[in-house]
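Here is a short note for a first look. Please keep the model open while reading the points below.

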Amino acid sequence: MTILVTGATGNIGRRVVDHLIKLGAKDIRALTKNPARAALPDGVEAVTGFLGNPETLPAALEGVERMYLAPLPQTLEATLQLAKKAGVGYVVALSGAGDWQEHADKVSASGLVNTQLGPGEFTDNFTIWSEQVKTSRTVRDPYPSVVEAPISMDDIARVAAGLLVQHDESHDGKMYPITGPEALTRAEIAEQIGAGIGVDVTFEQCSRADAETALRPAMGEYAVWYLDQIETGVDEPQYANGLVAELTGTPAESVAQWAARNAAVFR
């Protein structure tokens with residue numbers, strides 16, 4: 001059974017590869033623009049290709065039975081058409097509501113058997129606070145009361161890999177809004193990062209303009225988009241669920257656990 005991982009050197013795709021290996025998958029194909037530099041584990045077949053260039057996909061899709069899809073919006077429809085033409089039997093797609101709804105709808109309408117994962121905030125996004133934590137042990141952010149249930153990219157990859165290896169028809173056509181184990185305000189998230197790395201981290205509300213200025217060096221034009229997404233949570237709190245545990249048998253990682261695993265980033 002050949003499993004193709006798109007975005008195989010990206011933040012989630014690379015983790016999907018690792019978790020597929022842990023689950024015993026033997027025939028893993030990794031789509032990457034530069035196989036020579038991909039540094040993929042032994043036994044993983046690196047194939048040249050890029051979702052942004054659909055003409056590179058037919059060869060990569062040949063013989064593929066299952067696929068992890070990290071959609072590239074500009075070429076999503078072409079990618080889905082090529083996957084269907086190649087006879088891919090099952091797709092696990094990173095998706096979601098809001099800005100991702102249009103893409104989710106295209107996956108649903110593709111005719112491919114699929115399961116979609118719709119995570120909210122990634123715990124890993126909070127590395128944007130790392131310099132503040134390092135230098136002042138204080139996080140400055142304009143939205144202290146926004147409630148989120150952030151999920152680590154590792155947990156997203158773990159769910160995706162499990163679905164791919166143990167395909168169960170009960171998951172077909174489902175959209176799973178996977179979350180972390182607990183809903184927290186952003187102020188509480190800062191405190192939990194402190195707990196994870198063993199220091200006291202406080203939270204200080206700042207203006208939206210100051211937050212944009214602080215984030216722009218790391219995020220560029222996406223700083224405004226990111227804060228816009230967070231602002232929607234003022235009136236739409238995210239609730240935690242137990243889907244990660246239900247789908248994998250192991251609970252999702254907490255913010256404190258994630259921070260402890262990534263403590264070097266904040267010190």
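**Notes on the model**

1. Start at G198. Just after α7, this residue takes a positive phi of about 85°. Helices here are DSSP runs of H or I of at least four residues, strands are E runs of at least two, and both are numbered from the N terminus.

2. A word on the source. This is a predicted model: local features need pLDDT of at least 70, side-chain atom pairs count only at pLDDT 80 or more, and totals for chains, interfaces and linings use all residues. Residues are numbered from 1 along each chain as its sequence is written, and side-chain values use heavy atoms, without hydrogens and water.

3. Helix α7 covers residues 186-197, twelve in number. Its first and last C-alpha lie 17 Å apart, close to the 16 Å expected at 1.5 Å a residue (1.5 Å times one less than the number of residues). Buried residues in α7 include R186, I189 and I193 (buried is under 20% relative accessible area, with a 1.4 Å probe and protein chains only).

4. Look next at E148, in strand β8 (residues 147-148). E148 is buried, at 7% relative accessible area. What does its side chain make a polar contact with? The partner is the side chain of R186, at 3.1 Å (N or O atoms within 3.5 Å, one able to donate a hydrogen and the other to accept it; residues adjacent in sequence count only if both atoms are side-chain atoms).

5. E148 also touches I189, among others, not counting residues up to four places away in sequence (contact means heavy atoms within 4.5 Å).

Terms used: Buried means under 20% relative accessible area, exposed over 50%, partly exposed in between (1.4 Å probe, protein chains only).
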